[in-house]
Amino acid sequence: MDQTKQDEDYGYELFPERHEGMHKKSPFKEALTTFNHKCQFMLQVAMETSPYAKLLLSAMNNSGCKVSKDRHFSCEDCDGSVSGGFDAASSQVVLCQNNIHQQAHMNRVVTHELIHAFDHCRAHVDWFNNFRHLACSEIRAANLSGDCSFTNEASRFHLGLKEHHQECVRGRALRSILAVRKISREEAQKIVDEVFDSCFNDHAPFGRIPHSKKDAKFAYRDYMNRSRYYANL
Ligand SMILES: [Zn+2]
């Protein structure tokens with residue numbers, strides 16, 4: 001979870017013109033509508049073309065958690081530089097329309113949040129009280145979404161690919177937990193360390209760590225072949 005959905009009205013007080021009558025055309029409102037349409041469009045593209053997203057959507061469908069674009073996603077304005085979040089209370093993925101401007105970024109956010117949704121679907125995750133559950137899902141999301149395949153080449157060069165990937169996953173999971181829960185860095189670090197190995201090695205539903213779009217395509221093909229095999233039994 002990059003950020004849980006807050007119970008506030010997304011800073012509408014920052015846009016006073018939105019409170020004026022519907023007849024007056026507000027430039028703010030117009031800009032927001034454009035952002036919303038663009039966000040919806042990029043979401044549709046992600047769901048139809050990203051092999052990461054397609055695999056997760058199929059896996060959730062097969063687990064009895066069919067995902068519908070209108071019910072389970074919401075394009076909204078968010079605070080700061082947050083890109084998205086999974087709201088466990090409503091089983092909705094929040095996409096931050098004001099902070100996602102490129103399709104590649106949208107694909108990664110949709111994938112990251114769908115991994116949380118997948119975990120939510122397959123297990124009884126106690127997001128709010130059990131920090132180990134939250135940490136585990138953040139480790140999986142950072143590991144499997146490609147979040148750590150786009151980071152800088154210099155540190156890859158220094159650490160080697162494998163070690164770099166693990167450190168990136170650890171760091172991202174830690175930051176995600178600290179963004180949504182009021183616990184100390186030391187405490188969060190300890191929890192991430194405790195669950196790291198088992199959660200890092202849990203590659204469901206990918207069956208591998210998809211390091212690139214090509215890997216994700218193979219994982220998707222294998223997943224579809226496996227599910228067809230079981231369906232024919
Ligand atoms: Zn997350």
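Colleague: Does α4 pass α5 in a left-handed or a right-handed crossing?

Modeller: Bear in mind that this is a predicted model, where local features need pLDDT of at least 70, side-chain atom pairs count only at pLDDT 80 or more, and totals for chains, interfaces and linings use all residues. Residues are numbered from 1 along each chain as its sequence is written. A crossing is left-handed if the near helix is turned anticlockwise from the far one by less than a right angle, and right-handed if clockwise. For α4 passing α5, the crossing is right-handed.

Colleague: Which class describes the angle between α4 and α5: parallel, antiparallel, perpendicular or oblique?

Modeller: The axes of α4 (residues 103-122) and α5 (residues 131-144) come within 9 Å and cross at roughly 140 degrees. Axes are lines fitted to C-alpha atoms, for helices over the stretch in contact, and angles run from 0 to 180 degrees between N-to-C directions. Angles under 35 degrees count as roughly parallel, over 145 as roughly antiparallel, 65 to 115 as roughly perpendicular and the rest as oblique. The two helices, α4 and α5, are therefore oblique.

Colleague: Which residues of α4 and α5 make the contact?

Modeller: Two residues are in contact if their C-beta atoms, placed from the backbone, lie within 7 Å. From α4 come His112, Ile115, His116 and Asp119. From α5 come Ser137, Arg140, Ala141 and Leu144.

Colleague: How do the residues of the contact of α4 with α5 divide by type?

Modeller: Ala, Val, Leu, Ile, Met, Phe, Trp, Tyr, Cys and Pro count as nonpolar, Asp, Glu, Lys and Arg as charged, and the others, Gly among them, as polar. The contact of α4 with α5 then divides into 3 nonpolar, 3 polar and 2 charged.

Colleague: How is α2 oriented to α9, roughly parallel or roughly antiparallel?

Modeller: The axes of α2 (residues 51-62) and α9 (residues 213-231) come within 8 Å and cross at roughly 25 degrees. That makes α2 and α9 roughly parallel.

Colleague: How many residues of the contact of α2 with α9 are nonpolar?

Modeller: α2 contributes Pro51, Tyr52, Lys54, Leu55, Ser58, Ala59 and Asn62. α9 contributes Lys213, Ala216, Lys217, Ala219, Tyr220, Tyr223, Met224 and Ser227. Of these, 3 are polar, 3 are charged and the nonpolar ones number 9.

Colleague: In what order do the elements of the chain run from the N terminus on?

Modeller: Helices (H or I, at least four residues) and strands (E, at least two) are DSSP runs, numbered from the N terminus. The chain has 9 helices and 3 strands. Their order is α-α-α-β-β-β-α-α-α-α-α-α.

Colleague: Where does α8 bend?

Modeller: The bend at a residue is the angle between axes fitted to the seven residues ending there and the seven starting there. In α8 (185-200) the bend is about 40 degrees, at Glu194.

Colleague: Is Phe200 buried or exposed?

Modeller: A residue is buried if 20 or more other C-beta atoms lie within 10 Å of its own, exposed if 12 or fewer, and partly exposed in between; C-beta atoms are placed from the backbone. Phe200 is found in helix α8. With 20 C-beta neighbours inside 10 Å, Phe200 counts as buried.

Colleague: Which residues is Phe200 in contact with, leaving aside its neighbours within four places in sequence?

Modeller: Ile139 lies 61 residues from Phe200 in sequence, yet their C-alpha atoms are 6.3 Å apart. Ile139 sits in α5 and is buried, with 26 C-beta neighbours inside 10 Å. With neighbours within four places set aside, the contacts of Phe200 are Ile139, Asn143 and Val169.

Colleague: Which peptide bond is cis?

Modeller: Most peptide bonds are trans. Pro205 is in the loop between α8 and α9. With omega about -5 degrees, the cis bond joins Ala204 and Pro205.

Colleague: What is the phi of Ser91?

Modeller: Ser91 is in the loop between β2 (84-87) and β3 (92-96). Ser91 is partly exposed, with 14 other C-beta atoms within 10 Å. Most residues other than glycine have a negative phi. Ser91 is not a glycine, yet its phi is positive, at about 50 degrees.

Colleague: How far apart are the C-alpha atoms of Asn129 and Arg181?

Modeller: Asn129 is in the loop between α4 and α5. With 7 C-beta neighbours inside 10 Å, Asn129 counts as exposed. Asn129 and Arg181 are 52 residues apart along the chain, and their C-alpha atoms are separated by 10.0 Å.
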